[in-house]
Amino acid sequence: MSRNQKIILGALVAWHFVLLVLMLTRQLDFLFNDAAHRIGPGSDFWAIYNAGKHWLRGNEIYGQGPGFGFRYHPILAQTAVALLSTLKQQWAYWVWVAACEILFLSVMALLRKLCRSTRHFLIIATVLVFFTPYYLEVYMGNASFIAAALLLFAFQHYLRGGYRPFFFFYIASILVKPIGLLMLPILLAHRHYKLAVLTIVIVISLALPYFLSSPEGWHSFRSVNFEGYPTSPGFLVHGGNQGFHALAVRISAFAAAIPLTQLFSTGQLSWWNNILIRLIPYLLVLSAVILTIRLRDPAHTHLLLFIWSATYLLGYKDVWEHSYCFLIFGLTHLFLSERVDRRLLLVLSAGLALPTAFALYDITFYGGGLHDPDWHWNFMTSLIHHLSKPVWLAALFAVATLAGYRLRRCDQREVAAGRG
């Protein structure tokens, strides 16, 4: 690494800490709906922390606020979070922030080893440092980045054939947040059946004792994660949800002339809108499965890891702006795949990394109470807001999928040439 490159890297690290301090001291609240219109730093962390507290007291861990409450694997609340909850809330939150930062710097160190050149490393490090969903994630105290970092470590071992360390990090990631289960089709395509089966057995075995002792806990877990949980009018679509699902529901509500303040269920929409909204995640998964089968050669694993990451974010019903920090895992692998033009990748990644235009159309409320600006925006403003993240990811998903199909044709030609 040349002297100038070291200066650039040092400046990036320094700027990272500046952004983090500005975020945690609420100097950047105006850029993000979740910072401006929720309860402040640690909004999501308090639900995780409360789960540990309730477990130690012998209470139910699911359905305890704030927000949706705890939503993840019960073993997390019973172990690491229970230990963390022995600290005072604010101290526990700072430990969580420190853990995120240690993982962030570890990811940077790993990328330095993975990138073929220092120039490529500095490019991806720049994207990482300016990836604002990460800072909002730390501010909120959510678990998506921790799961993404552990998954990144896991698959670097996997790609080198280090299946034991892979399995350790993989299981850890799933227990923190179960997004990693979406990578199981890749293991199956590579015929690692034992790893896939063992993963399912361990995840279920660790959860079974709690859910057998608490059927209500299982009902709450299933409802909040997989079903259309009941909401109050106005909370099905809101300014915080910036996923593709929320975009589809927002457009459908406008077409049905239903104000967001009166929308509480997709059942209020037309039957064809309902079918389409419910079909979207299944169509995305089907597309990813087909591509995984076609690209079962391990050489294409980087591309598939991005495809499945994007499938989660485009298909799941609750995708917040900070949820996009999970793409630190997916975009890293897409960059390393070298299957997508890097200039196009950087442009689309910038759209995901930079803040939305929220500061230009935010609304200030007075007098207390919980208000959501989306209830008061006109349709075009709301549409722009809900488009501002998924549009970039949908474009990347389309580009990566097309690259995958081109790779399959190239593989077929190589096989045909070899036989000839």
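## The α15 and α16 pair

In this predicted model, the axes of helix α15 (residues 271–294) and helix α16 (residues 301–315) come within 9 Å and cross at roughly 175°. Axes are lines fitted to C-alpha atoms over the stretch in contact, with angles from 0 to 180 degrees between N-to-C directions; helices are DSSP runs of H or I, at least four residues, numbered from the N terminus. The crossing makes α15 roughly antiparallel to α16 (an angle over 145 degrees).

Contact (heavy atoms within 4.5 Å) involves I280, P281, L284, V285, A288, V289, L291 and T292 of α15, and L304, I307, W308, T311, L314 and G315 of α16. Eleven of these residues are nonpolar, three polar and none charged (Ala, Val, Leu, Ile, Met, Phe, Trp, Tyr, Cys and Pro count as nonpolar, Asp, Glu, Lys and Arg as charged, the others, Gly among them, as polar).

## Helix α7

The twelve residues of α7 (residues 118–129) should span 16 Å at 1.5 Å a residue, and the end C-alpha atoms are 16 Å apart, which agrees. The expected span is 1.5 Å times one less than the number of residues.

Buried residues (under 20% relative accessible area, 1.4 Å probe, protein chains only) of α7 are T118, H120, F121, L122, I124, A125, L128 and V129. Their cover includes α1, α6, α8, α17 and α18.

## The largest nonpolar core

A nonpolar core joins buried Ala, Val, Leu, Ile, Met, Phe, Trp, Tyr and Cys residues through side-chain atoms within 4.5 Å. The largest has 126 residues, and F145, Y170 and M183 have the most contacts inside it. Helix α9 (residues 144–159) gives the most, twelve residues.

Beyond neighbours within four places in sequence, Y170 touches residues including L151, A154, F155, M183 and T199.

## Basis

Residues are numbered from 1 along each chain as its sequence is written, and side-chain values use heavy atoms, without hydrogens and water. Local features need pLDDT of at least 70 and side-chain atom pairs count only at pLDDT 80 or more, while totals for chains, interfaces and linings use all residues.

Technical notes: Buried means under 20% relative accessible area, exposed over 50%, partly exposed in between (1.4 Å probe, protein chains only). Helices (H or I, at least four residues) and strands (E, at least two) are DSSP runs, numbered from the N terminus. Angles under 35 degrees count as roughly parallel, over 145 as roughly antiparallel, 65 to 115 as roughly perpendicular and the rest as oblique.
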